Amino acid sequence: MGDRYNIHSQLEHLQSKYIGTGHAETNKWEWVTNQHRDSYASYMGHSDMLSYFALAENECRARVKFNLMERMLQPCGPPPERPED
């Protein structure tokens, strides 16, 4: 019984520390948005990927990085309407 409580408390700690880990009330839009943001952040952090995208788009690296940061705002569009309770 003690192990179950320990694992549950560790999971709650991770969920409070890292936004993208999800929780029971995470819907599909939130999950996909976190995945896209993580991908864009990874692309910006790896200079080889950034150079590849810049070459493919025929843009400078700074412009590609700026475009990726803009896409991080709402990568999957506005959130869906929630029904009022």
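Colleague: How many helices and how many strands does the protein have?

Modeller: The protein has 4 helices and 0 strands. Along the sequence the pattern reads α-α-α-α. This is a predicted model: local features need pLDDT of at least 70, side-chain atom pairs count only at pLDDT 80 or more, while totals for chains, interfaces and linings use all residues. Residues are numbered from 1 along each chain as its sequence is written, and side-chain values use heavy atoms, leaving out hydrogens and water.

Colleague: What makes up the largest nonpolar core?

Modeller: Tyr40, Met44, Leu50, Phe53, Ala54, Val64 and Leu68, 7 residues in all. A nonpolar core is a set of buried Ala, Val, Leu, Ile, Met, Phe, Trp, Tyr and Cys residues joined through side-chain atoms within 4.5 Å. At least two core residues come from each of α2 (28-45), α3 (47-57) and α4 (61-71). α3 gives the largest share, 3 residues. Of the 85 residues in the protein, 12% are buried.

Colleague: Which residues does Leu68 touch?

Modeller: Leaving aside residues up to four places away in sequence, Leu68 touches Tyr40, Tyr43, Met44 and Leu50. Contact means heavy atoms within 4.5 Å.

Colleague: Why are α2 and α3 called roughly perpendicular?

Modeller: They pack at an angle of about 95°, with axes 5 Å apart. Axes are lines fitted to C-alpha atoms, for helices over the stretch in contact, and angles run from 0 to 180 degrees between N-to-C directions. Under 35 degrees is roughly parallel, over 145 roughly antiparallel, 65 to 115 roughly perpendicular, and the rest oblique. α2 and α3 are therefore roughly perpendicular. Tyr43, Met44 and Gly45 of α2 meet Ser47, Met49, Leu50 and Phe53 of α3. The contact holds 5 nonpolar, 2 polar and no charged residues. Ala, Val, Leu, Ile, Met, Phe, Trp, Tyr, Cys and Pro count as nonpolar, Asp, Glu, Lys and Arg as charged, and the others, Gly among them, as polar.

Colleague: How do you know how α3 and α4 lie to each other?

Modeller: Their angle is about 100°, with axes 9 Å apart. α3 and α4 are therefore roughly perpendicular as well. On the α3 side, the contact includes Ser47, Leu50 and Glu57; on the α4 side, it includes Arg61, Lys65 and Arg71. By class, this contact of α3 with α4 has 5 nonpolar, 2 polar and 4 charged residues.

Colleague: Why is the pair of Tyr52 and Phe53 called tilted?

Modeller: Rings of Phe, Tyr and Trp (its six-membered ring) pair if their centres lie within 6.5 Å; planes under 30 degrees apart are stacked, over 60 edge-to-face, the rest tilted. The search of the whole structure finds 3 aromatic pairs. In Tyr52 and Phe53 the ring centres are 6.0 Å apart and the planes at 55°, so the pair is tilted. Ring pairs link Tyr40, Tyr43, Tyr52 and Phe53 into a cluster.

Colleague: Is Tyr52 buried or exposed?

Modeller: Exposed, with a relative accessible area of 54%. Buried is under 20%, exposed over 50%, partly exposed in between (1.4 Å probe, protein chains only). Met69, in helix α4, is partly exposed at 44%.
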